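Keep the account plain and define the terms.

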Amino acid sequence: MYAIVDIETTGGYAANNDITEIAIVLHDGQSVINRFETLVRPVRTIPYYIQVLTGISNDMVAEAPTFEEVAPQIFELLTGKIFVAHNVNFDYSFLKHHFSAAGYELNLNKLCTVRLTKKVFPGLPSYSLGNLCNHFGIAVYNRHRAGGDTDATVRLLEHLLLHNAEPHIQQFIKRGAREQSLPPNLPKEQVEQLPYTPGVYYFHNQTGKVIYVGKAKNLKYRVSSHFTHNGSGKQRQDFLRNIFSITYETTPTELMAFILESVEIKRLWPEFNSSQKRFAHIYGLYMFEDSGGYIRLAIDKKKKHMQPLYTFNLLLEGHRLLNKIIEQFSLCAKLCFMQTAPGPCTGTSDNTCLGACEHKEPVDAYNARVHEALEWLEERLPTFAVVDAGNERDERSCILMEKGKFYGMGYIPADAGITSREELKNYLKQYPENDYIRGLVYQYVERFPNKKILF
């Protein structure tokens, strides 16, 4: 027995919106058995644009029952039936949310007439209810009202049943079938073709724009996990509604998938990614020579056309490192812009300024200590490669860290005898780096020191 359902609501997601009308038609696959339809009084007022779309005004629902009042009757009608709707996850998520608030647990097999029509009549230009009805010559009365749209969906289902839809229905509702949980516009074949390997996946909207980037240890399992529940929040519903296709890139290791995901999020800035958008270099350690010939070090906001010696997310982090350099190599705090008060440099707690800020110390002597400090910094920032398995047997994956920074990654021949980082770079693609990627690589080599090759 099918229960064909349509609802009208105050908005597009269940967690913060109410049902204003519901219609249910029970159908045995041959004919209509029963019908239920009612307006529902929402807690919230109906927005004006929704009133214009549906024709349901606040006055019309003022005397209607609340959902809690009609929940027992609706729940009894639905129990044991196959829940049918056009874009079923929308209607089902709304009812499940409001049934839960009323003390009921909705748990039914679902059948989406969008996905079913794509199986029976593949290749149509549009699968919206209105366009399908126009295509098949189905008359629609009272459009955008629960009763009218339910009747149209009933006639669409009857048309599909006449064209051998039954085998597809059985496939949809059989135990363990997951296709009904997929977004209505996402082809099942794209999920089925995903490999069981690490990689990065991309969700695209109707125009092909990437709206989400994710990484996976197992692409097939991770992508499928996105669709195992129909959350009632606005972001969740908008997310599912906008997924039209999936593309992916495999990687031989999970570490490479993590790195590529970070790079791609920053490159594409997808609408539905929230994490990692905050990771960005804000400050840098810069070096320049002043008019007196003294080399100056400074922490400043990142410059577009200047290459920093090192980068920091926090100003405090930069100041901490520079203070350590000043103390260890007896540099001038004023020439490093760490003291701004008028007059000569007062030094630090661990050293005394030798007078460079007053031009008392020779330029060569002071600059020599600056170079010593930079050499020390470079030694603290090692250059090494992480060599691991490749996609193919005759290759190895490689990630290069150069002077403590992520340089890039790629693949080298399995039998290659790489002796220098410059030679190695010929095989690698350079990527933008950030603290997140650096942290990933350092954590990885701590766990697997045997995969680290120093240069």
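The text below takes up the domains, then the cores, then the pocket and the cavities.

This is a predicted model, in which local features need pLDDT of at least 70 and side-chain atom pairs count only at pLDDT 80 or more, while totals for chains, interfaces and linings use all residues. Residues are numbered from 1 along each chain as its sequence is written, and side-chain values use heavy atoms, with hydrogens and water left out.

**Domains**

The chain is divided into domain 1 (2–175), domain 2 (188–268), domain 3 (283–372) and domain 4 (384–454); such bounds come from an automatic or database domain assignment. Taken over C-alpha atoms, the centres of domain 2 and domain 3 are separated by 46 Å.

**Nonpolar cores**

A nonpolar core is a set of buried Ala, Val, Leu, Ile, Met, Phe, Trp, Tyr and Cys residues joined through side-chain atoms within 4.5 Å. Buried means under 20% relative accessible area, exposed over 50%, and partly exposed in between, with a 1.4 Å probe and protein chains only. The largest core has 53 residues, and of these Ile24, Leu78 and Leu95 touch the most other members. Leaving aside neighbours within four places in sequence, Leu95 is in contact (heavy atoms within 4.5 Å) with Val5, Ile7, Ile19, Ile22, Phe67, Phe83 and Leu106.

**Pocket and cavities**

On a 1 Å grid over the protein atoms alone, a cavity is a set of points where a 1.4 Å probe fits but cannot get out, and a pocket is an open set with protein on both sides within 12 Å along at least five of seven lines; lining residues have an atom within 4 Å of a point. Grid points are joined across faces, edges and corners, and a volume is the space filled by probe spheres set on the points. By this rule there are 2 cavities of 30 Å³ or more.

| Space | Volume |
|---|---|
| Largest pocket | about 980 Å³ |
| Largest cavity | about 70 Å³ |
| Second largest cavity | about 40 Å³ |

The largest pocket is lined by 33 residues, of which His86, Asn87, Phe90, Arg143 and Arg241 are the closest to its centre. Helices (H or I, at least four residues) and strands (E, at least two) are DSSP runs, numbered from the N terminus. Among the elements that each supply at least two residues of this pocket lining are α3 (88–101) and α6 (146–162), while β1 gives the largest share, 5 residues. The pocket lies between domain 1 (2–175) and domain 2 (188–268), because both give residues to its lining.

The largest cavity is lined by Asn87, Asn89, Phe90, Pro183, Pro184, Gln237, Leu240 and Arg241. Here α3 and α10 (234–241) are the elements that give two or more residues, and α10 gives the most, with 3 residues. Domain 1 and domain 2 each supply at least three residues of this cavity lining.

Around the second largest cavity are Thr253, Leu255, Met256, Val386, Asp388, Ser397, Cys398, Ile399 and Tyr444. Two or more residues come from each of α11 (254–268), β12 (384–389) and β13 (395–402), with the largest share, 3 residues, from β13. At least three residues of this lining are drawn from each of domain 2 and domain 4.
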